[in-house]
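Please read the following with the model open beside the text.

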Amino acid sequence: MGETPYNDGVLEIRWHGRGGQGAVTAAIAIAKAAVEVGKYATASPEFGAERRGAPVRAYNRVSSRPIRARTPILEPDVVVVLDSSLPPDMYLDGIKAGGLLLINTKRSIDEVRKMLGDPDIRIAVVDATGIALKTLGTPIVNTAMLGAFAKLVDVADLDVFENVISDLVPKRFISSNIESMRIAYNSVVVENE
Amino acid sequence: MERSMLRVKQKRVALNSNHAVAYAVRDVDVDVIAAYPITPQTTIMEKLSEMVANGEIDAELIHVESEHSALSAVVGASAAGARVFTATSSQGLELMHEVLHIASGMRLPIVMAVPTRALSAPISIWNDYSDLMNTRDTSWITLIASTAQEVYDSIIQAYMVAEDPRVLLPVMVAYDGFLMSHTYEPLNIPEDPTAIRELVPRRDRITLDIDKPVTMGTITDPRWYYEIKYQQVKAMQNASLVLKETSKTLHEVLGRKYEPVEGYKMDDAEVAILTYGGLFGTVQEAVDIIRDKGLDIGAIRLRQWRPFPSEELTHLMHDIDTIIVIDRAISYGASIQGPVALEVYPIAARMGVHVFSVIAGIGQRTVLEKDIMGIVNKVLDYLDQGVIPLRSIYWGVRGGE
């Protein structure tokens with residue numbers, strides 16, 4: 001579990017994906033895991049008419065004290081990108097200086113840094129699509145991204161996420177999703193602070 | 001009901017407000033559920049269907065072809081003595097409208113959840129309170145919740161109040177569509193619903209009974225119609241008292257206290273922002289920021305919309321000189337167009353408090369802390385100029401004045 005600090009006491013996370021990749025479920029899992037370990041958290045989808053393939057975003061706030069704001073997250077501490085074909089302007093918008101970008105890609109950190117124009121953020125990469133194809137046989141990447149997230153960000157331990165996911169996915173997909181999480185947890189690569 | 005009940009054991013979970021409704025409906029042990037799907041209400045019915053299917057709730061779930069039928073079905077079931085539940089939003093609530101009056105006129109203790117949503121046209125699936133505000137004169141007790149925890153607790157309280165023999169009126173529990181209905185957050189729910197069932201004992205009331213036949217809602221000529229409507233006026237007055245009593249019981253049993261209006265940092269406030277629903281959280285954040293800049297400001301949350309808590313609001317407004325009412329609905333063509341601002345006005349006028357009506361968040365136009373700060377600054381400018389506009393301020397609209 002990583003060391004990402006909680007700015008002003010509230011950690012703000014924004015998820016970017018496409019309909020069908022499970023960004024909203026991933027955000028729900030974060031809130032459930034945080035609540036499980038006694039923290040306060042919210043998870044909310046960016047609400048629209050859902051359809052497969054359309055850009056989707058979801059928000060998390062995590063804190064040790066109650067969360068009152070019900071606003072969209074405009075300046076996230078952490079951005080998680082489930083689909084690297086999304087426009088960088090969309091997912092980098094407002095990310096805090098020194099914030100963390102966790103992106104699903106086959107590319108190296110250096111390649112991503114160059115592609116994004118050397119932003120003042122930490123970059124982490126994980127091949128979640130490759131992992132999901134191997135474990136689930138389909139590119140639903142949310143649980144792999146959660147595994148990588150659990151490694152990098154101090155919300156809850158991996159086993160808590162595993163329990164939460166076991167409640168959220170259909171029974172026959174529990175073990176393959178947990179495998180996704182574990183592989184991503186062990187293979188995510190992140191820049192030093 | 002027994003006094004000083006023991007605090008029940010609870011577990012902490014993360015749910016959205018729609019699912020909080022479903023758990024509360026499960027815990028009060030309803031008999032009949034009927035609803036028609038509409039965004040953002042649909043996930044309440046999905047969860048309840050799941051609970052009925054897997055045996056967690058022993059209830060009849062009626063699939064109907066419209067919201068008009070949904071409310072009509074629960075009117076019939078309630079008249080026959082069943083404990084009933086329905087839920088809807090937006091156009092669905094509009095389609096129910098004539099039956100809303102029938103439910104209250106027949107004095108049926110129906111409970112309905114309303115995750116609020118803007119009205120067509122143009123079509124908006126997003127949040128505001130236009131749907132709820134259109135039900136103002138239907139004689140339904142109406143609570144507006146601000147958190148998923150309060151949504152759960154309010155559904156329980158709704159049955160306690162609706163079924164009280166001094167009341168016998170239907171209750172709506174409203175909250176922000178999407179911004180709350182689809183937002184997961186922590187709340188505590190009882191580990192064992194038995195404790196909740198003790199709060200809502202089955203009580204005798206007049207029902208359709210073949211052994212003791214009655215007619216309900218029959219034609220009533222001018223000699224008696226007025227008296228029957230006046231009974232509704234008295235029932236609504238009684239509801240204030242029963243809401244107070246049941247809030248006390250809930251506090252004892254669940255450990256959470258609800259007031260008809262709730263103040264935040266009001267002790268030394270000169271200016272107060274009044275609002276309702278999930279927006280209150282963002283307003284509290286903004287109040288903290290504005291206080292750091294040296295303005296003595298507080299906030300008031302309206303929880304009890306019907307019956308309107310005039311006395312409690314008067315008490316909270318005692319030491320302020322200005323109140324800003326933020327409404328997320330428009331009463332088109334009214335003297336001031338914020339529906340709640342209109343209700344606050346006569347109270348404030350008696351007290352010599354200035355009222356500023358602000359419209360915001362229409363069709364879920366984003367309201368950030370800095371919008372609240374902007375609204376306060378605009379009001380302070382008016383006060384500096386000695387101008388109190390007798391119309392609403394439309395915040396954040398293109399082409400606005």
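B:Ser90 is buried, since 29 other C-beta atoms lie within 10 Å of its own; here a residue counts as buried if 20 or more other C-beta atoms lie within 10 Å of its own, as exposed if 12 or fewer do, and as partly exposed in between, with C-beta atoms placed from the backbone. This is a predicted model, in which local features need pLDDT of at least 70 and side-chain atom pairs count only at pLDDT 80 or more, while totals for chains, interfaces and linings use all residues. Residues are numbered from 1 along each chain as its sequence is written, and chains are lettered from A and ligands numbered from 1 in the order in which they are written.

The backbone of B:Ser90 has a phi near 50 degrees, a positive value in a residue other than glycine, and the residue belongs to helix α4 (residues 90–95) of chain B; helices (H or I, at least four residues) and strands (E, at least two) are DSSP runs, numbered from the N terminus. B:Gln364 also is not a glycine and has a positive phi, of about 65 degrees. B:Gln364 sits in the loop between β14 (354–359) and α13 (369–385) of chain B, and it is partly exposed, with 19 other C-beta atoms within 10 Å.

Two peptide bonds of chain B deserve attention as well. The bond that joins B:Ser120 and B:Ala121 is cis, with an omega of about -5 degrees, and B:Ala121 lies in the loop between β5 and α6 of chain B. The bond from B:Arg306 to B:Pro307 is likewise cis, with omega near 0 degrees, and B:Pro307 is placed in the loop between β12 and α11 (310–316) of chain B.

In chain B, seven strands form an open sheet of mixed pairing, in the order β3-β2-β4-β5-β7-β6-β12, where two strands pair if DSSP finds at least two bridges between them. Its edge strands are β3 (60–63) and β12 (304–306) of chain B, each of which pairs on one side only. From one strand to the next the twist averages 20 degrees; axes are lines fitted to C-alpha atoms, for helices over the stretch in contact, and angles run from 0 to 180 degrees between N-to-C directions. Within this sheet, β6(B) and β7(B) pair in the parallel sense over four bridges, and B:Ile141 stands opposite B:Val171 in β7(B).

Helix α2 (residues 42–53) of chain B packs on the sheet and touches β2 (32–35), β3, β4 (84–87) and β5 (111–116) of chain B, its direction making about 135 degrees with that of β3(B); residues are in contact if their C-beta atoms, placed from the backbone, lie within 7 Å. Helix α7 (residues 148–162) of chain B lies across β5, β6 and β7 of chain B and runs at about 165 degrees to β7(B).

At the level of domains, chain B is divided into domain 1 (10–254) and domain 2 (262–394), with bounds that come from an automatic or database domain assignment. Taken over C-alpha atoms, the centres of these two domains of chain B are separated by 28 Å. Their contact takes 25 residues from domain 1 of chain B and 20 residues from domain 2 of chain B. On the side of domain 1 that touches domain 2, the elements that give two or more residues are α6 (130–133), β6 (141–144), β7 (171–176) and α9 (225–254) of chain B, and α9(B) gives the most, with five residues.

Which chain does chain B touch, and with how many residues on either side? The contact is with chain A, and it takes 19 residues from chain B and 17 residues from chain A. On chain B, the elements that give two or more residues to this side are β1 (10–15), β8 (185–190) and α10 (279–292), with α10(B) giving the most, four residues.

Chain A itself comprises seven helices and seven strands. The radius of gyration of chain A, taken over C-alpha atoms, is 15 Å, close to the 16 Å that the globule rule (2.2 Å times the number of residues to the power 0.38) gives for 193 residues, so chain A is as compact as a globular protein of that length. Buried residues make up 52% of the 193 residues in chain A.

Note on methods: Two residues are in contact if their C-beta atoms, placed from the backbone, lie within 7 Å.
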